[in-house]
Amino acid sequence: MSESSMSESSIRQFISFTIGDEEYGVDIMAIREIKGWTASTELPNTPAYIRGVINLRGAIVPILDLRARFGRGVTVTTPRHVIIVVAVGSRVAGILVDAVADILAVSADEIQPPPQIERSDIGFLTGLVTVDGRMVALLDLDHVFAFDDLDLTDGVAAA
């Protein structure tokens, strides 16, 4: 019985989503809401991967275009795109993705570390997991939202 308790505690849950043909996952505990695409208000002097901000029940939430953040061009949005609202530390932000795919429950030992690839920035990843024959890259939201050149809090407050 204690073995069963230990295995249950090592299970982690992720929401997986797609960007093009690639599938990514975010820890379910970081997700606050999933909503359909809503046009955002652009902010001046921000990188292309910052789509702008939306008003989410009175809170101003910055929206990050994950495709653009990964250097794959700006997303051409349609009504089928989705915003996943996440908590990153004390901040709340949205990530623009193509579609939500699945809820994944994986044991911690199934998560493989990202490969060491010279001259590449895979710091966005905490690990990789294979689920039903497909590879899902697990995101490190702290790294995704680490902007050396931008402080969203100051930008929103000044607007």
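**The β6-β7 pairing**

V85 stands opposite G94 in β7. That pair belongs to a stretch where strands β6 (residues 82-88) and β7 (residues 91-97) run antiparallel, joined by 7 bridges. Strands here are DSSP runs of E, at least two residues long, and helices are H or I runs of at least four, numbered from the N terminus; two strands pair if DSSP finds at least two bridges between them.

Before going on: this is a predicted model, so local features need pLDDT of at least 70 and side-chain atom pairs pLDDT 80 or more, while totals for chains, interfaces and linings use all residues. Numbering starts from 1 along each chain as its sequence is written, and side-chain values use heavy atoms, without hydrogens or water.

Zooming out a bit, β6 and β7 are part of an open, mixed sheet of 5 strands, ordered β3-β6-β7-β5-β4. Its edges are β3 (31-36) and β4 (50-56), each pairing on one side only.

Now for the packing. I95 contacts (heavy atoms within 4.5 Å) F17, V26, L64, L66, V82, I83, I84 and F145, leaving aside neighbours within four places in sequence. I95 is also among the members with the most links in the largest nonpolar core, along with F17, V26, L66 and F145; that core has 28 residues. Such a core is a set of buried Ala, Val, Leu, Ile, Met, Phe, Trp, Tyr and Cys residues joined through side-chain atoms within 4.5 Å, with buried meaning under 20% relative accessible area (1.4 Å probe, protein chains only). β6 gives the most to this core, 4 residues.

Notes: Buried < 20%, exposed > 50% of the residue type's maximum accessible area, 1.4 Å probe, protein only.
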